[in-house]
Amino acid sequence: MESETLDLSRICRTCKSKSSQMQSLFDEYEVSNESLHIDSMLMACSSIQVLLCPHEEYYQMGAHVSLSQVTRDDGLPSQICQVCVDQLKNAFAFKSQCERVDVSLREYVKNVKVNDIKEEEEHSDLEEE
Ligand SMILES: [Zn+2]
């Protein structure tokens, strides 16, 4: 089997395609009034590790290291194509929605159970009389 040659500096980290519309994995994104980094959303929605946070690393290593050197440090592509960014935004929004709804449903069920118990207690009082 021939191994394919990948141009890691030009392919998308999450689909391996080359696109003219690439964004840095470390770009910020506005999601429902929250400003998030693409790498954080990616790690929240998948089990892949995007190891470098260039913003922190940059300051640790000093200004003589350029941002592009830092972001390329783990050897993996540090850019993502527009199609994947859109999918990621949807996935992240869906994940956030599930979690929000889960919290509110659990809260609701807890309250309903509490009310049920109260009603049962009231009922049993009546039956005893
Ligand atoms: Zn892609």
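A residue is buried if 20 or more other C-beta atoms lie within 10 Å of its own, exposed if 12 or fewer, and partly exposed in between; C-beta atoms are placed from the backbone. Thr14 is buried, because 20 other C-beta atoms lie within 10 Å. Thr14 sits in the segment before strand E1 (22–24).

This is a predicted model, in which local features need pLDDT of at least 70, side-chain atom pairs count only at pLDDT 80 or more, and totals for chains, interfaces and linings use all residues. Residues are numbered from 1 along each chain as its sequence is written.

**Overall layout and confidence**

The chain has 129 residues, and 17% of them are buried. Its secondary structure comes to 4 helices and 4 strands. Helices (H or I, at least four residues) and strands (E, at least two) are DSSP runs, numbered from the N terminus. From that end, the order is β-β-β-α-α-α-β-α.

Two residues are in contact if their C-beta atoms, placed from the backbone, lie within 7 Å. Among contacts between residues at least 6 apart in sequence, 55% join residues at least 24 apart.

pLDDT is the predictor's confidence in each residue, from 0 to 100. The chain's mean pLDDT is 80, and 74% of its residues reach 70 or more. Confidence is highest in E4, at 95, and lowest in helix H3 (residues 67–71), at a mean of 47. Over residues 63–72, pLDDT stays under 50, and the model has 15 contacts beyond four places in sequence for this stretch. Where pLDDT is low, the predicted coordinates should not be read in detail.

**The cysteine cluster**

An unreviewed UniProt entry carries the annotation "binding site" for Cys12, Cys15, Cys81 and Cys84. These residues are spread over 73 residues of sequence, yet they cluster in space, with a largest C-alpha distance of 8.2 Å. UniProt positions are given in the numbering used here, feature names are shortened, and annotations may be inferred rather than shown by experiment.

Cys12 lies in the segment before E1, whereas Cys84 lies in helix H4. Both count as buried, because Cys12 has 21 other C-beta atoms within 10 Å and Cys84 has 21 C-beta neighbours inside 10 Å.

| Residue | Residues in contact (C-beta atoms within 7 Å) |
|---|---|
| Cys12 | Ser17, Ser19, Met22, Pro77, Gln79, Ile80, Cys81, Cys84 |
| Cys84 | Cys12, Thr14, Cys15 |
| Thr14 | Ile80, Cys84 |
| Ile80 | Cys12, Arg13, Thr14, Met22, Gln23, Leu25, Ile38, Val85 |

Thr14 can also be placed against Leu42. The two are 28 residues apart along the chain, and their C-alpha atoms are separated by 9.2 Å.

**The nonpolar core**

A nonpolar core is a set of buried Ala, Val, Leu, Ile, Met, Phe, Trp, Tyr and Cys residues joined through C-beta atoms within 7 Å. The largest one here has 13 residues. Cys12, Leu25, Ile38, Leu42, Ile80, Cys81 and Cys84 touch the most other members. Helix H1 (38–45), strand E4 (79–81) and helix H4 (82–128) each supply at least two residues of this core. In soluble globular proteins, nonpolar side chains tend to be buried together.

Lys16 is not a glycine, yet it has a positive phi of about 70°. Most residues other than glycine have a negative phi. Lys16 lies in the segment before strand E1. Lys16 counts as exposed, because 12 other C-beta atoms lie within 10 Å.
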